[in-house]
Amino acid sequence: MREPAKALTSLLFAAVKPALSDHRLRESLLKQTTKKKGPGRKRWEDTNRKNKELREATKAAIEKWRNDPPLDHSNRDPEYWTADRKDRRRLENLAKKKGWMART
């Protein structure tokens, strides 16, 4: 008496996996291969326009102060540091970092 073949029984009772439809297969392949898009051109243009306006306003403010005497950065007197001088110092530092104004 021989033992029955195991390979034959495993083929008869193998689990059946559902096949993907052509539509689902195509959608999954497209999803994997398409490039992820950024925020979009319109959003970039809006941001770029706003940044350009800020940059131009900063440059105009710096030009207004160009002929004034330089700020005394070592001055600790609170009376000296008015709101205008604080703004000027902040904008001058920004301009130096961005290269809009020659470093002094």
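Modeller: Aspartate 46 has a relative accessible area of 32%, so the residue counts as partly exposed. This is a predicted model, and the values that follow are computed from it. The side chain of aspartate 46 meets that of arginine 49 in a salt bridge, with 3.5 Å from N to O. Both residues belong to helix H3, which spans residues 41-65, and they lie three residues apart, about one turn of the helix. Arginine 49 is partly exposed as well, because its relative accessibility is 45%.

Arginine 49 has a further partner in glutamate 53, where the closest N and O atoms of the salt bridge are 3.8 Å apart. Glutamate 53 and arginine 49 are separated by about one helical turn because they are four residues apart in helix H3. With a relative accessible area of 47%, glutamate 53 is also partly exposed.

Glutamate 92 and arginine 88 form a salt bridge through their side chains, at 2.9 Å from N to O. Both lie in helix H4, four residues apart, which is about one turn of the helix. Here the cover is of another kind: buried means under 20% relative accessible area. Glutamate 92, with a relative accessible area of 11%, is therefore buried. Arginine 88 counts as buried too, because its relative accessibility is 9%.

In total, the structure holds seven salt bridges.

The surroundings of arginine 88 can be listed as well. Helix H4, in which arginine 88 is found, covers residues 83-98. Leaving aside residues up to four places away in sequence, arginine 88 touches Trp65, Asp68, Pro69, Pro70 and Leu71.

Leu20, Leu25 and Leu29 make a nonpolar surface patch of about 280 Å². Leucine 29 has its place in helix H2, residues 22-33. Leucine 29 counts as partly exposed because its relative accessibility is 46%.

Technical notes:
Residues are numbered from 1 along each chain as its sequence is written. This is a predicted model: local features need pLDDT of at least 70, side-chain atom pairs count only at pLDDT 80 or more; totals for chains, interfaces and linings use all residues. Side-chain values use heavy atoms; hydrogens and water are left out. Helices (H or I, at least four residues) and strands (E, at least two) are DSSP runs, numbered from the N terminus. Contact means heavy atoms within 4.5 Å. Patches are made of residues with over 30% relative accessible area and no salt bridge: like charges are joined within 9 Å, nonpolar side chains (Val, Leu, Ile, Met, Phe, Trp, Tyr) within 5 Å. Accessible areas come from the Shrake-Rupley method with a 1.4 Å probe; for residues, only the protein chains shown count as cover. A salt bridge is a side-chain nitrogen of Lys or Arg within 4 Å of a carboxyl oxygen of Asp or Glu. Buried means under 20% relative accessible area, exposed over 50%, partly exposed in between (1.4 Å probe, protein chains only).
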